[in-house]
Amino acid sequence: MKKSFITDYINRMLPSIILSQVVMTICTVVDAALTGKFLGAAAVAAEGMVTPVVMVVIAVAGIMSAGNSTTCSNAFGRGDIDEINRVFSTTLSTSLGFSILCTLLLLLFANPVCQGLGLVPSTELFQLTREYLIGYVPLMPILAVIMILPALLQIEGDNKTGAVAVILVFVLDIVFDLLNLFVFQGGVFGMALATTLSYYVAGILVLARFFGRKRTVRFSFKY
């Protein structure tokens with residue numbers, strides 16, 4: 001029974017995981033293509049400088065999300081709801097806390113971070129990288145939410161929300177990029193902000209689905 005549940009859960013998760021990776025890759029390619037076409041090679045280089053910095057936080061959130069999913073699915077198979085809520089509440093709190101702390105540190109020390117990446121102050125690439133960093137790193141807290149909550153929704157049989165959120169990010173990112181380029185003309189900062197906003201819209205959808213109804217899995221500070 002337990003093995004059957006876990007196997008079924010993994011099979012239900014795989015399409016969402018694959019879709020998420022494919023869409024995120026396409027988003028990155030589209031972003032780079034639009035940035036290079038309309039803002040130039042230096043803007044693309046700025047994006048490339050910032051991405052590895054953010055990937056550290058994403059990697060931590062991804063590891064915690066995977067551990068959370070495995071532990072919670074095992075607990076669900078045993079019918080141990082308290083264990084699920086304890087693990088989920090701890091994981092979400094830790095991931096959010098870590099991502100918020102990193103976001104604040106990167107925003108406060110944007111200049112030293114850019115210098116640490118080997119960039120020389122007063123150069124164009126330094127300025128562009130700083131602008132992209134400031135517009136991009138605020139997505140990290142909501143990204144942690146998007147990486148953790150859909151797996152919990154899938155445990156309760158909601159296989160659609162995660163996929164819808166990923167597709168929403170893809171569509172909105174392109175729409176916001178085009179609005180930035182042709183309407184607001186916000187440059188590199190606007191391109192970063194477009195990605196950030198698309199993730200927050202998708203994150204609000206996931207949060208609304210999770211907290212919009214009474215669920216077996218729930219967040220609680222007491223855990």
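Predicted model: local features only at pLDDT ≥ 70, side-chain atom pairs only at ≥ 80, totals over all residues.
1. Helix α5 (residues 124-136) packs with helix α8 (residues 187-211) at an angle of about 20 degrees. The two axes lie 7 Å apart. Because the angle falls under the 35-degree cut-off, α5 and α8 are roughly parallel to each other. The crossing of α5 past α8 is right-handed.

2. On the α5 side, the contact is formed by Leu128, Glu131, Tyr132, Ile134, Gly135 and Tyr136. The α8 side contributes Val188, Phe189, Met191, Ala192, Leu193, Thr195 and Thr196. By residue class, the contact of α5 with α8 comprises nine nonpolar, three polar and one charged.

3. A second pair is formed by helix α2 and helix α6 (residues 140-155), whose axes come within 9 Å and cross at roughly 20 degrees. The helices α2 and α6 are therefore roughly parallel to each other. Their crossing is right-handed.

4. In the contact between these helices, α2 supplies Val54, Val57, Ile58, Ala61, Gly62, Ser65, Asn68, Ser69, Cys72, Ser73 and Phe76. The partners in α6 are Met140, Leu143, Ala144, Met147, Ile148, Ala151, Leu152 and Ile155. The residues of the contact of α2 with α6 divide into 14 nonpolar and five polar, with no charged residue.

5. Ser99 belongs to helix α3 (residues 81-108). Its relative accessible area is 2%; as buried means under 20%, Ser99 is therefore classed as buried. The side chain of Ser99 reaches the backbone oxygen of Leu96 at 2.9 Å.

6. With residues up to four places away in sequence left out, Ser99 touches Val57, Met140, Pro141 and Ala144. Among these, Val57 is also listed on the α2 side of the contact between α2 and α6, and Met140 and Ala144 are listed on the α6 side.

7. Val60 is located in helix α2 (residues 41-78). With a relative accessible area of 28%, Val60 is partly exposed. In sequence, Val60 and Phe98 are separated by 38 residues. In space, the C-alpha to C-alpha distance between Val60 and Phe98 is 8.9 Å.

Conventions: Residues numbered from 1 in each chain as written. Heavy atoms only, no water. Axes fitted to C-alpha atoms, helices over the stretch in contact; angles between N-to-C directions. Helix = DSSP H or I, 4+ residues; strand = E, 2+ residues; numbered from the N terminus. Parallel < 35°, antiparallel > 145°, perpendicular 65-115°, else oblique. Left-handed = near helix turned anticlockwise from the far one by under 90°. Contact = heavy atoms within 4.5 Å. Nonpolar A, V, L, I, M, F, W, Y, C, P; charged D, E, K, R; others polar. Buried < 20%, exposed > 50% of the residue type's maximum accessible area, 1.4 Å probe, protein only. Polar contact = N/O pair within 3.5 Å; in protein donor to acceptor, adjacent residues only side chain to side chain.
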